[in-house]
Amino acid sequence: MKWCHWFQFIISKRIETYEEHIPGQTRDWNEELQTTRELPRKTLPERLLRERAIFKVHGDFVTAATRGAMAVIDGNVLAINPGEDAKMQMFIWNNIFFSLGFDVRDHYKELGGDAAAFVAPRYDLHGVRVYNAVDVEGLYTLGTVVIDYRGYRVTAQSIIPGILEREQEQSVVYGSIDFGKTVLSHPKYLDLLRQAGKHLKILPHAVLNERDEPVELCSSVECKGIIGNDGRHYILDLLRTFPPDVNFLKLPEVQLSKELVDMGFPIEHRHKLCCLRQELLEAFIEDRYVSFIRIAAVHLQQLNSKKQSEKPEEKQLPALEEAEKETSETKEPETEKPVEKKEEEKPQPTSNETKTAEAMVNAIREAQSNVATSNEVQAAEVVKRACAAVGSLKEKEFDFRFNPDVFSSGIRHVDGEEGTCSSLAKQKVLVQDAAEFLVVKQIPAFIKEHLAHSSAPIDGQSLTESLHSHGINVRYLGKVIKLLAQMPRMDYLHRIAVLELIVRATKHIYYTYMQNTEPLHLSAAISHFLNCLLTTGPVNPAVSSEEAHKKRSNGSKHNKHKSKGNKQQASGNQNGSSSGSSSGGSSSSSDWTLVTPRSLWQQIRREAKSYWDWELDCDSIETAVSKYGILRISLLRAFCLKVGIQVLLREYNFESKHKPTFGDEDIVNVFPVVKHISPRATDAYNFYTTGQAKIQQGMFKEGYELISEALNLLNNVFGAMHQENGSCLRMLARLSYLLGDAQDALAIQQRAVIMSERVNGIDHPSTILEYTHLSLYSFANGHVGMSLKLLYRARYLIVLICGEDHPEVALIDSNISLILHALGEYELSLRFIEHALKLNIKYFGSKAMHVAFSYHLMARTQSCMGDFRSALNNEKETYSIYKSQVGEKHEKTRDSAECLRLLTQQAVLLQRKMNDIYSNGKLTSDLPPIHITPPSMGSVLDMLNTINGILFVQISQKDIVKVRSEIEKHFKANSAENEVNDAIKSIVAAANNNGDVDAETDATKDNKDLGTGSTQLTNGEKDAETAVASS
């Protein structure tokens, strides 16, 4: 009977997995994807319906593409060109086109061969993402999914109608199919791509075709435009949407600055497809725009001061004298360095600053009136100087757009007049400046941002997301590690970065390793690889080299793509692994048995040096653990997530000297790692950001309503379970708690925890954060035991991921200590707070407020234990820190002084009783009871709130009036600055006598909106929570 049920289960799973094979059940994915994007979107119900349809179809497409990619690699799909070499084979399954990440017909020969072919799908996916975000009506992209499975990279795409019925040369009406030798253009594509280029900051440019005729393009040459049989205009091959990264290209015509050369740039990467991220371009343009406004303001003040100097009876404004000094400093060289200094010296708003801003406004107003009458030439000169100083493409407009083909080899550009936006030299300088901005400004800004440890990355994934948000590519990870190594306060981030680099280097080697492995020996090969990576004990493979070779020669059924891996490893590096196989000779399916721990770590060292230009100073897992503090379990978790391995849930003894740590039975599954576009809910995002703005203004109820509406919209679009729904729930729980409804906060946060466990995973950093929030709300509702269990769970997970040496562990330990203190477990409480104090001193410094608070908690615990001497010493440390940081008159300092007085009284009283006992000679008698008041739950909750960044303040009406006046002053200063900006914009518009500048400014705003819109809801979460904490 059991066998019958098992047989029925297998049949049902096979029908479910391969339901797409059933005749009449295949779906036209391209038609579904494009039709959903064409749905109307004028009203809110229409937009909700459209976004829900897009999300549903996209989710189905990703699922089908993933199944198809696995079937292709497993050899269950017949190629459409079976007679060709296995590397060149292509597949169609369920109306989805599949191609492999190999250099077909030497297409990428000049760009890095197979290494370039491997990364090209990922860059293409980035291009599809940004064009989808722009969402230009009439411009279509293909449904694209990139799947990494068993060492192979598979690109799954929807099929353009009619593309299979004609040759590629006949299909392409825009772009080039041979990297610029023959170039085509099309007026409709130019119009559509020009609209998208305004948002993406792509510069229209002209190149020469094979007949030496100029051809205008609004994208990279590689971007191809194909009009399908359905009449839609499709674009594909978007791998070079953004400009190249010259820091990783050795070009004879590029001379990098001395600072970059001293850092080792340019670095010759293994492929020539390295490009800058969209986030970097947005940050670069914003930085230059701020500089442009400041320089224009200085020049306008100078212009006004000259006007006033012509009237001797009027006294010159002090602000204008200051402006003249600043102008004299920045006038001579029209370079970027003075601009950068000005930006770094951004002053804090003071009363003098407000007067200066008002003086600037008055000066600019007068300059405006002059422009309106007779000084258009002078205003144009002001704009011209500012544009020259910041490196604008146009002389009289703030224009920053990038030519993605500017350094592409084999492309002949049409060079325009010097000083115009079509000047090739100017375009090259702009791309070089953006690449230099990444190293000189963004990497230091990334490190500076994390010095406060407010949103510290916990694992490699969160570190990568943080790097990407600053526009920093992961190929700069080696340079980031070198800077982090010089900062002891960033020790935890240095360790996480080193772990991520080791995992990525190992992944490159693993992919080549897997391509040379028979499916029959998959579990044995993976367990052997893990043994070599994580242990130094016996690593004898379960299958010997001779046995594997014998089974191979006996004609067992092989994976049809095995030859691809063999040829790949012999010829070079398909995925960036320059070392290939450890044997160094021709590859075979049994080479995996020859890998040893020593040879594997040698390959990892070479890979770290060649790819990231960083010297990994270890040759075994022991030295990595001792030198960098890496945990083996953390390395196992990170590596399995990165490459798609599921291991058996059990305790692994990495120190075993008698038998291998991993066996065949420990490898449960090999799953695909899927990269795709995440559809967005635009209206929900707008409600969410508006709610955040309300929260930052202190209007919690209005913010609660807006975020509740955002959650409703997300439920309409994504359904009940989605990552962004969890972010909304977390914010709603926090707002409920701040509004005094702890019971409602607990109920909402429980939903957020369940959702994070289901969507993100039980060991995801977001899940850990949800546990800590739920713990606080549980304690507020009187569930003390549950609160403690949740904190223990959160601590266990974070130690599993990154170890105990992390700022977040200090926060969790402080929470645990307080709750144990409330339960009367003083000794255990003291152990946790001592560990938290040690971490706080290490990462915040000995005089930080976090450290003062930890000393105070220790003093409280020690006083309850009767150790008044130690409590007194710790409270003295608290007092000295508060006194030095906030002064004697501050409330915290006075509270600490009062605590010191009470502790001194108790210590003196105890000492007197002890002296009485000794003087009377009654040493054997019992000590009198010490009256220690246990902490109340209310006081513990107040301390928990403070630790977690929540402070409830009782404000009188008099204080409210005072705060309101201060806010009005602050807004007045800000409005003055905004008025300066608006005045300058109007002067620029008047000087140009056309609407180009206004259009450019709108495009800049649209670009900023686009950049913000492409961010997940979770990215704005922390800002809102910080505002709540400081409310």
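**Close-up 1. An arginine over a tyrosine ring.** In this predicted model, R232 lies over the face of Y140, 5.5 Å from the ring centre. Another view worth a visit is R475, whose charged end sits over the ring of F248 at 5.4 Å from its centre.

**Close-up 2. A cis peptide bond at F265 and P266.** Most peptide bonds are trans. Here, however, F265 and P266 are joined by a cis bond, with omega about 0°. Look for P266 in the loop between α7 (258-262) and α8 (278-309).

**Close-up 3. Aromatic pairs.** Searching the whole structure turns up 29 aromatic pairs. One of them joins F265 and Y476 in a tilted arrangement, 5.9 Å from centre to centre with 45° between the planes. F265 belongs to the loop between α7 and α8 and Y476 to the loop between α14 and α15 (477-484), so this pair ties together parts 211 residues apart in sequence. F265 and Y476 are both buried.

**Close-up 4. An aromatic cluster.** Seven names to find here: F284, Y289, F292, F398, F400, F402 and F437 form one aromatic cluster.

**Close-up 5. Two residues with positive phi.** Most residues other than glycine have a negative phi. N95 is not a glycine, yet its phi is positive, about 60°. You will find N95 in the loop between β1 (91-93) and β2 (96-100), where N95 is partly exposed, with a relative accessible area of 34%. H453 also has a positive phi, near 60°, and lies in the loop between α13 (424-450) and α14 (460-469). With a relative accessibility of 5%, H453 counts as buried.

Methods: Residues are numbered from 1 along each chain as its sequence is written. This is a predicted model: local features need pLDDT of at least 70, side-chain atom pairs count only at pLDDT 80 or more; totals for chains, interfaces and linings use all residues. Side-chain values use heavy atoms; hydrogens and water are left out. Helices (H or I, at least four residues) and strands (E, at least two) are DSSP runs, numbered from the N terminus. Buried means under 20% relative accessible area, exposed over 50%, partly exposed in between (1.4 Å probe, protein chains only). Rings of Phe, Tyr and Trp (its six-membered ring) pair if their centres lie within 6.5 Å; planes under 30 degrees apart count as stacked, over 60 as edge-to-face and the rest as tilted. A charge sits over a ring if NZ of Lys or CZ of Arg is within 6 Å of the ring centre and within 35 degrees of the ring normal.
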